[in-house]
Amino acid sequence: MQISVFNPASPQAGHLLWLWNACMWVCGFILTVVTLAIVYILVRYRRRDDHEPSQTTGNTKLEITWTVVPIILITFLFVVSIVTARAVDQPIHRPPDIVVRGHQWWWEVQYPSAKAITANEIHIPVGQEMLIGIEAADVIHDFWVPRLARKVDAIPGQRNFVWIHADRPGNYSGACAEYCGAQHAWMRFRVLAEDRASYEAWLAAQAAPAIEPAGGDAKSGEKLFRQFTCANCHNIRGIHSQEQYGPDLTHIASRKMLAAERLENTPENLKDWLHEPNLVKPNCYMPNLNLAESDLTQLTAFMESLK
Amino acid sequence: MESGYPAQSLSAWVAWISTVDHKRIGILYLITTLVFFCIGGVEALLMRIQLAWPGNTFLSPEMYNQIFTMHGTTMVFLVVVPLLLGLANYLTPLMIGASDMALPRLNAFSFWVFLFGGVLLYFSFVSGHAPSAGWFSYAPLSEKGYSTRYGLDYWALALLGIGVGTIATAINLIVTIINLRTDGLTIRRLPLFVWMVFVNSFLIIFALPALNASLVMLLIDRQLNAHFFTQLGGGSPILWQHYFWSFGHPEVYIMVLPAFGIISEVIPVFSRKPIFGYGFVAASTVAIALLSVGVWAHHMFAVGLGHAWEYAFGASSLLIAVPTGVKIFNWIATMWGGSIRFSTSMLFAIAFLFTFTIGGLSGVTFATVPIDWQVTDTYYVVAHMHYVLFGGTLFGVMAGLYYWFPKMSGRMLSERWGMVHFWLMFIGFHLTFLVQHVLGLSGMPRRVYTYPNEPGWAIMNLISTVGAFVIGISVVVLLGNILVSLREGERAGDNPWDAWTLEWATTSPPPEHNFDAVPPVHGRRPLWDLVHPNGGQA
């Protein structure tokens, strides 16, 4: 189970799994007692004759026992939950390394110190505590990477924080966990944990502006990008910058997936997505521009040039 | 004859529509909720078809979101709560030896305003778009900017109407229980079902107005451009969550306390023993009610309220496990040493014990705050809440239905078909919801119209869908059993179960005035005392 909480890849997720196991011992104990009691009763006390059984009405000592024992058990759970909570949510003492902003239905990812912006794909260096600030642009979303960290709501007008720390390199699947409208299901993302050098190289590449295409289909595609309404919503740093509503496309060709994990990022898929966004992801805010085949080819070529 | 028949039929309809008799109103509630239960069940099946395999396109996302919103809203507001109110309506006056509710006209008003709310909610489909922001309608998704159609306005207005009806019924039940008990039926001798209905009614009066007030605020936001729940203009989306859950968590107990009451009647009768620890069972109900108004923020542990708040609400939520556990152990102790009759009613009660224990324990995992951070908003919650509301409340109601149907109709439900119904529903239920725990822990969020093909997700979802259809079949068996038994069921007689509370002292069905003479009450089991003048001290 690749994204299961039973397969933690960070100290935080490890703590959470430990607490889960502790809780399962307690709950499992109670469930066993109750189940065994019920099964025993069903066998032992089934009706044998018409004789009315002894009419006991209660027993105060027993009542006190099954009041006190659960109190002891929940006290234990309360204490371990505080210990775990403090281990998972370390104090916040610096600005976040990454700011993740939930939009209907994609994730904006900013690296403030490097001034890099991307979408739906978060890169982190292995073995380093990264502080992520969580925000929302419209409605409430929720940031969740089961194998790495707890859930944190993304709330408009409020910034939340989560520590994220991968023990080993890998591709960790994440999702929006708070219902946020039509395409809540396809508001997914991934966290890629890499060694220090690859991470630094990736970050430097993302921070660089886009390189204007020299010619050919890509160059024509760039013209179309401005001509059609694409440029009204999407930024391409170095080529076209303004306030953005849709995902930053400066290095879209470097991303693994499209449309918040809906499609693999291949030229064919990109073309399909540009052609009929509402078939790929119904109700999304990306409009169908009724692009001709040649427009699609040129726009795709331009996007593919944005490595 | 041909001219006489329609007139007779018409007057029969008028008699039902104009009735203020608590028994008829109770039956109207039960029939209405049964209809809504079928509608909500079909909605559930549509969702399960869509989710049967990854990438299914049976429903569009917009349609799926409307349907899951309507399923939740229907089951909570149009099925579970009114179902329990209907039973309380029918049974409370009978169980306390009264001839009707204290305020019969208010009682009729409550029912009709509830029905109006239900129709209004479903009218939203006709208007072009049902609400699609979930039964919890979190702001700002539920605000005009993100839910532009009228569905949400219908939702808010419908719930307002239902809320008014529910509060009126709660007041009515409290007044009835305080004033109309027969001689000798002191508060410490009340049947436990009545006890729980009594406590529950106070909980309704406390909780429902919070919902009604926030619904009005949401409508003002939507229609008059106010900003109660948007961050612009100084409002707060989190405020909606506080308001909604300060209603919503007591609501969970409103949906389960009367079922506790049913179980507390059914288990003793079919074990042939008085309830074990009457005082503790009654007092633990009060404890649950009091605690339940102080736990709402455990729905909000991912919001970022701060650790201090989370610990406080975690502790209060953990505490609820104690009185709930007391009840479970007392029901088990009631069966211990008994002479158990395995009627369909008793089977549902035993299934309730087992299933509700699982639901209660998974509830404990949410109160253990950091676990909630992992599992909240996943299929684990869907599983938990169905274990509590379906495996808990609905199994309890089924126990009550098989138990009291003879009183209401004068005929027994078929036990043979009852067994078929029970086993199909029990197996279908666990098939549907057990794997959903694992799905949630494997990372599947809830309220998604489809999902990627992650390892294990496809097969678990398919199992769940198959289980849902088994439940669907069990409901068809139940409906068939009811329809056939109404015509051909064995005659019940006054007291087919050899039970002890006052409703069994009159005919089945009871006359309009309920009792020709109420038997004397000297203890908690008046009919037992009649047969055993010197035995059975309870």
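Strands themselves (E, at least two residues) and helices (H or I, at least four) are DSSP runs, numbered from the N terminus.

Hi everyone. What we have here is a predicted model, where local features need pLDDT of at least 70, side-chain atom pairs count only at pLDDT 80 or more, and totals for chains, interfaces and linings use all residues. Residues are numbered from 1 along each chain as its sequence is written, while chains are lettered from A and ligands numbered from 1 in the order in which they are written.

Let's start with the sheets in chain A. Five strands of chain A form an open sheet in the order 4-10-9-6-7, with mixed pairing. Strand 4 (121–125) and strand 7 of chain A each have a single partner strand, so one side of each is left without a neighbour in the sheet. From one strand to the next, the twist averages 25°; axes here are lines fitted to C-alpha atoms, for helices over the stretch in contact, and angles run from 0 to 180 degrees between N-to-C directions. Inside this sheet, strand 6 (141–144) and strand 9 of chain A pair in the antiparallel sense over two bridges, and A:Trp144 stands opposite A:Ala175 in strand 9 of chain A. Which helix packs on the sheet? That is helix 3 (196–207) of chain A, which touches strand 4 and strand 10 (188–194) of chain A. Its direction makes about 135° with that of strand 4 of chain A.

Chain A also holds an open sheet of five strands in the order 3-2-1-5-8, again with mixed pairing. Its edge strands are strand 3 (116–119) and strand 8 (160–164) of chain A, each pairing on one side only. Strand 2 (106–111) and strand 3 of chain A pair in the antiparallel sense over four bridges, with A:Tyr111 opposite A:Ala116. In the loop between those two strands of chain A sits A:Lys115. Phi of A:Lys115 is near 55°, a positive value in a residue other than glycine.

Now, how do the chains meet? Counting a contact when C-beta atoms, placed from the backbone, lie within 7 Å, 73 residues of chain A are in contact with 77 residues of chain B. Helix 2 of chain A gives the largest share of chain A's side, 14 residues. How does that side divide by class into nonpolar, polar and charged? There are 40 nonpolar, 20 polar and 13 charged residues. For those classes, Ala, Val, Leu, Ile, Met, Phe, Trp, Tyr, Cys and Pro count as nonpolar, Asp, Glu, Lys and Arg as charged, and the others, Gly among them, as polar.

Over in chain B, helix 8 (257–271) and helix 13 (379–409) pack at an angle of about 45°, with their axes 8 Å apart. These two helices of chain B are therefore oblique to each other; angles under 35 degrees count as roughly parallel, over 145 as roughly antiparallel, 65 to 115 as roughly perpendicular and the rest as oblique. Among the residues making this contact are B:Ile262 and B:Val266 of helix 8 and B:Gly396 and B:Tyr403 of helix 13. By class, the contact has seven nonpolar, four polar and no charged residues.

Last, two prolines to find on screen. A cis peptide bond joins B:Ala139 and B:Pro140, with omega about 0°, and B:Pro140 lies in the loop between helix 4 (104–126) and helix 5 (151–179) of chain B. The bond from B:Ser508 to B:Pro509 is cis too, with omega near -10°. Thanks, everyone!

Technical notes:
Contact = placed C-beta atoms within 7 Å. Pairing = 2+ DSSP bridges.
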